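I opened the model to look up its helices, its nonpolar cores and its aromatic rings. My entries follow in the order in which I made them.

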Amino acid sequence: MTERMDSVEKAVDYVIEKSGGEIRLAMPLGLGKPNRFLNALYQRVEHDPALSLDIFTALSLGKPGAGSDLEKRFLDPFAERIFADYEPLAYLKPQKKGALPANIRVFEFFVQPGSMLGSDVAQQHYISSNYTHVARDLNARKINVVAQMLAHRVVDGEDQYSFSCNPEVTLDLLPLLKARREAGETIVAVGQLHRDLPFMENDAMVGDWLPEMDLLVDDPDGHRCLFSTPNMPVNIQDHFVGLHASTLVKDGGTLQIGIGALGDALVHHLRLREQDNQRYLSPLKAWQIPGEHQALIDQEGGTARFQEGLYGCSEMVTHGLLQLVDDKIIRRPVYDWAPLQQLEMHNPAEPGLALLDALREQSAISRRLDRAQLRLLKRFGIFREGVTKKGEQLLLPNEVAVANDLDDRATREALKAVFGDRLKGGMVMHGGFFLGPKAFYDRLRGLDDAERAAINMTRISYVNHLYGDETLKRLQRQDARFVNTAFTVTLLGAAVADQIDDGRVLSGVGGQYNFVSQAHELEGARSVIMVRAWRERGGEAMSNVVFSYGHNTIPRHLRDIVVTEYGVADLRGKTDEEVIMAMLNVADSRFQIELMEQAQAAGKLRKDYQIPEPYRRNNPEHLHEIAADNGEQSFPLFPLGSDFTDTEQRLLKALTWLKEKVSHKEYLELGRDALFNEGSEAEFERELERMDMKTPEGVREHVYQRLLLTALEAVSH
């Protein structure tokens, strides 16, 4: 029996009693964590050494931290506004500091990018698993408590519950836990309700799994602000990566996108491609796309508007993907009945005799319909509700009885009155989890019935790989483009996204390997890795295209397409030398010669090879010239909206400039120079007021003010 409680403390009592005090807790990644319950459990175990708590989860989200006084002045007011009364995870700070109690351990398979590089404990307890293997691996660790947030609504007086943002691992894990329960093990499932969590339908409905939920907790203090991830700025470098990647998306195909500024850039240029095609094409013409890239576009992608539209299939449903749904760019419906999906490929099917006959040709239905076939025809809107079977007859809604014989002329004539107006049950998006800015959650809550029904949040095993329902998935995922990001790529085509070469984890493999592998298995699919060709740190430019690296996330035998701000490298099926040539063509020109010589010294590139002339202009100045000629509408800083005010956006650019452009030594020199550089206070009065720096006190604050003004001037002119 599912027990309902109004207090997380009561739920903690229940869990401790049932588990015997040895708790192995699994929680979803990201948004779906029941923070209120978890923190109460953590505090109870922290103060009772007789208890133990192992936490298995991923992507433990924390408010952004400031690295300097300037950043603190910027972030604190913003965080107070955006995160309001959000309840932080009790274990997060002790985990980062290596100060967890002796009886509490935290194991994660994906961490907030870069957040745990300095935590030995987090690094030691990281579990490297493909997303699709997480449920299996959690079950193998003998977890005995599962907990997550649930959405709740009342329909016609009936309580309904949804896994909402995180059905992805839960739906794969629950059958494994049920089997262990039936074998006699004690397992406790806890759902913490949250009134603001968007209610998602389809597979995310708790429905038949409700008996497996032991506790439903509706704590009055558990409805605090949801964690949100504000949109970050998209700079010119990011925009060109997204622009080039957008040319590879094929009309009528399937799209997956990862999170981050590069994904936002891709979404923006796909929207321009559909909504303002001439503006979209202008920077591409200015770039003068090389012949091999144009041939790839002609064969694998496109730059025209979308006539058929796309289908979304992504482990993470991002704010950008939802925007593409709203814009009707993602609009190609898929159906979970393979014979119907086969007929729906590129020519939308309509209910009618022709569709019935086509289904019969596939042996999907028979001449004389059985009840299961009749249910399918009604479920997908081919027949209206009210058509039933009685004996050897079909009973129609108008009380007409006809022979259950699809070859009977009278039956065929009568059925014309019971066909639906259009097909039902089509999904334009399958996803595993969602996370995003406040506006994204508002939009999800505001979906109408039809819009909500067309998005299926479901198990990760369905989204991230082909095994199980493979025939159906192959039909649905036509011309798939799985677009992910990396921070480094090698000249031989390996991609690095999850850890650095000394073994420390930046984030985790997540589902990236799943999608790359899937791209090589699906006919017509391509894996697209987006990466910035260079980065700047401490005032020094560094190449993100390297000859070799001590770790890879995607091995070179799975290399496919790599996109940088300088173009597209098609690596599939190429020799090592051909791959090196293609990668040199999309590297920054400041590093091309050194990279070329490394390849030549290793014997992987002919000694007389030279970088072709068209690729010797790969520099930021060229990009900025094209961007300046095309205007802010083509290259906006926040293409998908922003939680930052206009003043904060200008400050963000300035602070980013300070952080990326200046080394520690140069920072001090700049500070000395800035101290004697008076003026410009009036021009940036709003920015100074926002940072509480209009009237600095003491030398330190005065230097900070001058540094800020110097940065504001640098990014404004």
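I began at the end of helix α14, where serine 363 follows with a positive phi, near 65 degrees. Helices (H or I, at least four residues) and strands (E, at least two) are DSSP runs, numbered from the N terminus. The model is predicted: local features need pLDDT of at least 70, side-chain atom pairs count only at pLDDT 80 or more, and totals for chains, interfaces and linings use all residues. Residues are numbered from 1 along each chain as its sequence is written, and side-chain values use heavy atoms, with hydrogens and water left out.

Next I looked up α14 itself, residues 353-361, and noted Leu353, Leu355, Leu356, Ala358 and Leu359 as buried (under 20% relative accessible area, 1.4 Å probe, protein chains only). I found the buried residues of α14 packed against α13 (338-343), α15 (371-379) and α16 (409-415).

I then turned to the nonpolar cores, each a set of buried Ala, Val, Leu, Ile, Met, Phe, Trp, Tyr and Cys residues joined through side-chain atoms within 4.5 Å. The largest has 142 residues, and Leu25 and Phe434 touch the most other members. Another core lies apart from it, with 49 residues, including Trp534 and Tyr609. For leucine 25 I listed contacts (heavy atoms within 4.5 Å), leaving aside neighbours within four places in sequence; among them are Leu38, Leu53, Phe56 and Val146.

The charged end of arginine 590 sits over the tryptophan 534 ring, 4.3 Å from its centre. Arginine 617 lies over the face of tryptophan 287, at 5.1 Å from the ring centre.

My search of the whole structure gave 19 aromatic pairs. Rings of Phe, Tyr and Trp (its six-membered ring) pair if their centres lie within 6.5 Å; planes under 30 degrees apart count as stacked, over 60 as edge-to-face and the rest as tilted. Phenylalanine 240 and phenylalanine 635 are stacked, because their ring centres are 5.1 Å apart and their planes at 20 degrees. Phenylalanine 240 is in helix α8 and phenylalanine 635 in the loop between α24 and α25, 395 residues apart. Both phenylalanine 240 and phenylalanine 635 are buried.

I recorded phenylalanine 482 and phenylalanine 515 as tilted, because their centres are 5.2 Å apart and their planes at 35 degrees. Both phenylalanine 482 and phenylalanine 515 are buried. My last entry is a cluster of Phe74, Phe78, Phe638 and Phe644, linked by ring pairs.

Conventions
Buried < 20%, exposed > 50% of the residue type's maximum accessible area, 1.4 Å probe, protein only. Lys NZ or Arg CZ within 6 Å of the ring centre and 35° of its normal.
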